[in-house]
Amino acid sequence: MYLRTLIFTVLWTAHSFAADERIFELRTYYAAEGKLELLNARFRDHTTDLFVKHNIENIAYWVPENNENNMLIYLLAYPDSEARKESFSSFLADPQWKAVKSESEIDGKLVSKIDSIVMQLTDYSPAIPKALADDDSIVELRTYTTRPAKLENINARFQDHTIALFEKHGITNIAYFNLTGDQSGADNTLVYLVAHKDTQSRGVNFKSFSQDPAWKKAAKESQIDGRILVNKGIDSVLMKATDYSPLK
């Protein structure tokens, strides 16, 4: 068992990841009642192209599997923080966007609430793939909230152990992020994306991962000075890519 785990770890750490200095923005839109399909249509037919026009890179668009809150979750990229500000300002001022927005909201606003966090890839994150192995994959957005001064511990555990063990147990690593320094929670938040073949596979794979002696050992050693996460410090959303998502 030790040799098998060592082989997986060596193979994982041998991957060469080019430094990616881009700024990423994870945006969550809460569609007004009955407006989610209209919101998706606006992105599909107009917004994504307008983003490109204003040098905003579309990475992925998802809707949660259990979407009681009518959410659309999407990921954008920019060369840097200044470019993000300039691009979004020019997008919002674009007469074409204003016309699209006005026309789409004749019968009321499509979005009731917007959440946004700005992030950078961790130094151990794999490069974000152009496509997933299975077009019908389930993508899981996981957010970890650590206890004070413990973010470094959770990052070290993922870098040295968890990401290789995920791959060993059939969980596909997509990307790992920490918040930029100007964001609330920058000192205690890890956000990451993984993929599963389907919901059933997710349950099976996480169970085998949690029972792996190598994981139990890594988890125990990483918490020798106290627990890393706050109580209920893991948030998870299972999502499916929209038909217009670049990453799917």
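Biologist: In which strand does Leu190 lie, and is Leu190 buried or exposed?

Modeller: Leu190 lies in strand 7; strands are DSSP runs of E, at least two residues, and helices are runs of H or I, at least four, numbered from the N terminus. Buried means under 20% relative accessible area, exposed over 50%, partly exposed in between (1.4 Å probe, protein chains only). Leu190 has a relative accessible area of 0%, so Leu190 is buried. This is a predicted model: local features need pLDDT of at least 70, side-chain atom pairs count only at pLDDT 80 or more, and totals for chains, interfaces and linings use all residues. Residues are numbered from 1 along each chain as its sequence is written, and side-chain values use heavy atoms, leaving out hydrogens and water.

Biologist: Which residues is Leu190 in contact with, leaving aside neighbours within four places in sequence?

Modeller: Contact means heavy atoms within 4.5 Å. The partners of Leu190 include Thr122, Tyr144, Phe158 and Phe177. Leu190 and Thr122 are 68 residues apart in sequence, with their C-alpha atoms 9.1 Å apart in space.

Biologist: How do I read two packed helices, such as helix 5 and helix 7?

Modeller: Two packed helices are described by the angle between their axes and the distance between the axes. Axes are lines fitted to C-alpha atoms, for helices over the stretch in contact, and angles run from 0 to 180 degrees between N-to-C directions. Here the axes of helix 5 (residues 151–168) and helix 7 (residues 213–222) come within 10 Å and cross at roughly 175 degrees. Helix 5 is therefore roughly antiparallel to helix 7, a term for angles over 145 degrees. Among the residues that meet are His161 and Leu165 in helix 5, and Trp215 and Ala218 in helix 7.

How values were computed
Angles under 35 degrees count as roughly parallel, over 145 as roughly antiparallel, 65 to 115 as roughly perpendicular and the rest as oblique.
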